[in-house]
Every structure is written in C-alpha cells, then in structure tokens.
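Please read the following note beside the sequence and the 3D view. It takes up the contact between two chains and the confidence of the model.

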Amino acid sequence: MRTAISLAYLVAAVLFIVGLKQLSSPKGARNGNFIAAAGMVIALVATLPLLNFTSAGVTIILIGIVIGTAVGAVGARMVKMTAIPQMVALFNGVGGGAAALVAVAELLRMGQHPAFTEAFPSIFSIVIGSISFAGSMVAFAKLQELMTGTPITYPGQQVVNGILAAAIFGFVIAVLAVASVPFSFIALMVLALVLGVAFVLPIGGADMPVVISLLNAFTGLAVAASGFTLNNFALIVAGTLVGASGSLLTKMMSDAMGRSLANVLFGAFGKSHAGAAAIAGKEGRSVRSGSAEDIGTLLAYSQRVIIVPGYGLAVAQAQHAARELAELLERRGVEVSYAIHPVAGRMPGHMNVLLAEANVPYEQLKEMDEINDEFKNADVALIVGANDVVNPSARNAPGSPIYGMPILNADQAKNIIFMKRSMRPGFAGIDNDLMYDPKTVMFFGDAKDSLTKLVAAVKAAA
Amino acid sequence: MSNELLNEITFFVLSIFVGIEVISKVPTILHTPLMSGTNAIHGIILVGAIVIAAGASSPVTIALGLVAVTLATTNVVGGFVVTDRMLEMFKGRQAQKQTTPTK
C-alpha cells in the first residue's frame, strides 16, 4: 500500500511539473492548469487509505471541504476581472495560514521533546506561513481599497521591523531549545503575524503584485517545510516547486518594472518623495483639455492610433468601449494597436486578460519592446487610464522614484490624448510631465463614459 | 541522518532546480496566470491538513484540523478556478496565435 501511495505521489509531482511547464506557454496554459488540478486530486485521493480516521476527524474534514469549496469556487467565479489580483492574494494567504496550522498541530502531537529535524521545519512553517497569511491579508486590503494603497511609513520603521525579525529569530531558537510549550507557539505566531503586517504596510499598492508573488513563494516554502514535518513527499515536492518558481517569478516581475526587489520591498515606493522631479510639475503649468468632438475628429482623420490602456480602463470596465472605438476607427481605415506595458493594470499580464475578455484581436496587442519604436510614426497616442507607464520622468529625471523603469514612448506620438479622471497623480503617486506637454490634450472623465463619447464623436465626424 | 530525511532533502534540492528551470521562459503576459497557478499548487497543504485532521480527537486538534482543512480547500479550489477564469480569456486567441509569429 505504501508503495502504491508513493507512486501516486510521484505521478502527482510529475503532473505538477508538466502543468507548470504548460502554464508558462500561451498555447498550453489552460491545459496546464487542468493537469496541475488533476495532480492535486491524485495526491489527495492517494493520501486517504493510510489514515486512521476518528469520527470527529471525518466530520471536520467533510465540513472543511464543503465550506472551503463553496468559498473558493464562489469567490473565484463571482469576482470581477479587475479584482483578480486581490483574490489571488486572499487564496495565497489562506494557504499560508493552513501551512502554519498544520505545523502547529504536528508540534502539539510531538509532545515535549521533538527531534530537531522535525521541530525545525515545523517552526519554520509556522513563522513563514503566518507572515504569508498576514501579509497577504494586508495586500488584499490595499488592493480592495479597504485601506489606503499608499505606503504607510513612520520614522524608524525598518528598525522596528528589524527588531521584530530579530525577536522572531530569538524565539525560534528558544522554542527549539525548550520545545513544545504551547504558549511559545502562540507568541511566535503572533510575532510572525505582526511582522507580516508591518512588512507589507510600507509597500505601495502599485507594487502589490510583486509582494503577492513573493508571499506566494513563501507559502510554497512553508508547505514544503510542513512536508518535512509530516514526512510527506507530495508536500515537499509541490511546495518546493512553488517556492522556487515563485521566487524566480517575483524577480521577473520586479525586473519588468525596472527595479530591484529590495527597492520594491523597502523603497516605500509611491510615498511623495521630496525629489526635484516629483515637485517640478506643481508650479502652475497649464494643461490643455479638449472636447469629445475635437478629439473624435482628430482620431477619425488619423492614420495610426495607438491605445495605451491602464488600470483606469480596467476599473471603469471600459475594455468593451475601447474595442468598440477601435473597431469603428478600423472601419474608417485607421490602423489601431494597443501598447501593453508589462505592468499595465495591477499585475503583469492583467491588461492582456482584460482586453482578451473584450475580444480585442490578439494581433492588436503589442508588447512594449515591439511597439516603442512605432510611437513616433503614430498620429495619436490615446492614453486610457494609464499614467505611470507613460511618465517621461522615468527616462529623464534621475530624482524621480520611478527613474529607470522602462516606459512606453507615448510622448513621441504626434498627438497625445490623455484620458484621465482628474489631474490626480497615478497609483505610484508621482506627477506626470506628459500632462503638461504641448502636444497633449487632456480629456477628463470616467474612462468608459469618455470612450463612449468618443465613439459618438467619431461617428459624427463622418 | 536517517535515510528518509536524506531522501527528503534530495527531493527538496532537485525540486528547487526543476521549479526554476520549468518556468524560466514565461512571457510577461502569463505572469499573473502563472502566479495564480502556482498559488493553487501550494494548496497541496490540503493533504497535510487532512492528515492532521483525520486523527483529531481533542477540542484543540479538532479546531486546528477544521480551520486548516477549510483554509487549504479554499486555496486549492479558489486557486484553480480563478486561474482557469484568467486563462479562459486567452482561449479565443489560440487559433490566431498560431498564425502570428510567437515572441
């Protein structure tokens, strides 16, 4: 029986690896997800035969699975596409919490003097799982706008966080030395939860995807550690796969933003910096704003239009209106493409998902490297609810907090239409010089309303 | 060091390399779905939650088991469903994808 279980776990592990491989190519991604899910079912079923169930055990497992399935399935189905990032944060957090609780239960079972090789991974899992749980909940709250998305900082914050981390480290050693006093786990968990919150508070909403990805890797490691405690091969392999691939993915995401991971985590990015570049825009420079009719005419008689979608388009659910406008222009012979910044929306790849949902043809979606040279040939760059990804200070203002981030060259287009709700700075909290560019026309309003007005205006321009 | 532990460490180390290698060529557009997919995979902690819940008898272990199974199931089910929802959006583009040069 043991052999059969081990073989089933091996099959599950292979399915996870194949699933991951498929998930990283556009063609097989959806299959990859199914393959990984199949691996999960196999691993779960294979676990059951060797267990000695108490009647209470059976009851709580069934209740837990029913509640968890309902919450997970309904939550994942009902959530709006724009809210998916926070949903991922939530699902990641509960996984971290589960890993910590499994480790607590194991430590309690081991009694007063567990072997170091079992106690150590359990404690690791408790600490990392709790950090992941608390951090993910803060990330969720920030993205859901239950709390402010701007970094929350105070003097000496990094010192306090450092002390917290040191206290946890000290506690871990103490717990390993004296072992299994329930109170000490509780204290350790509380400290780790506090650190999880404190660690995410100073990170701005725009950087949450990177944080979620990092916490995702954390949860993977916590799960792997729980696997060492339970001597469970499936947990070790799956958890480690996630820990390793999640770490690499985190690095790729911060690379896409042109910043180091340390800068994302400790830079309190988006807090109003007193940098020269950030202030330069406030000195009463004027902006031009145009009417829907003017802009509609301009668009209707252009040859090449590049739409730069951003999070404002996503929150206004304006992807369908954008497609309508694009189709209308194409029928008039205007060449339309969409310039997708790697971090457009709130997560890398998020914008592609939203536009695909609105049936925007795949060929019109252009990645940054592909389209950046085309802006100078474009008659109009139509910026819909994007901001930081077209901010020229990333290129030319070394004092700016986003300096060095790769941006879309929207400023090189012959005309720039900047659709925005207000002059308020974007998610990163930095003023955008492009709004004051003489070639720029501002068009204020909700992205969906504005696009609908433009559709009408283009039709009228015939 | 016991044989079992040695085996576990071997799996652990090899899995690190596999995990890194297997996603090293992911395009930016798939970052979010991939993150969500790996998020679902660490829901494997449900196996651990079931193991500790199975033998629960005291009030403390019953409470721990119940909460752990609930949270882990939410992770697994929510994770896979939300990933599928994201990838569903790419579905209509697969046919077109083949005619356009892949990056």
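1. Residues are numbered from 1 along each chain as its sequence is written, while chains are lettered from A and ligands numbered from 1 in the order in which they are written.

2. Chain B places 83 residues in contact with 99 residues of chain A (contact: C-beta atoms, placed from the backbone, within 7 Å). On the chain B side, α4(B) gives the most, with 27 residues (helices are DSSP runs of H or I, at least four residues, numbered from the N terminus).

3. Helix α9 (residues 233-256) of chain A and α1(B) have axes that come within 7 Å and cross at roughly 35° (axes are lines fitted to C-alpha atoms over the stretch in contact, and angles run from 0 to 180 degrees between N-to-C directions). Residues of α9(A) that meet α1(B) include Phe233(A), Ile236(A) and Leu248(A); among their partners in α1(B) are Phe11(B), Phe12(B) and Ile16(B).

4. Chain B averages a pLDDT of 85, and 86% of its residues score at least 70 (pLDDT is the predictor's confidence in each residue, from 0 to 100). Within chain B, the mean is highest in α3(B), at 96, and lowest in α5(B), at 41. Where pLDDT is low, the predicted coordinates should not be read in detail.

5. For the complex, the predictor gives an ipTM of 0.88 and a pTM of 0.77.

Conventions
This is a predicted model: local features need pLDDT of at least 70, side-chain atom pairs count only at pLDDT 80 or more; totals for chains, interfaces and linings use all residues. Two residues are in contact if their C-beta atoms, placed from the backbone, lie within 7 Å. Helices (H or I, at least four residues) and strands (E, at least two) are DSSP runs, numbered from the N terminus.
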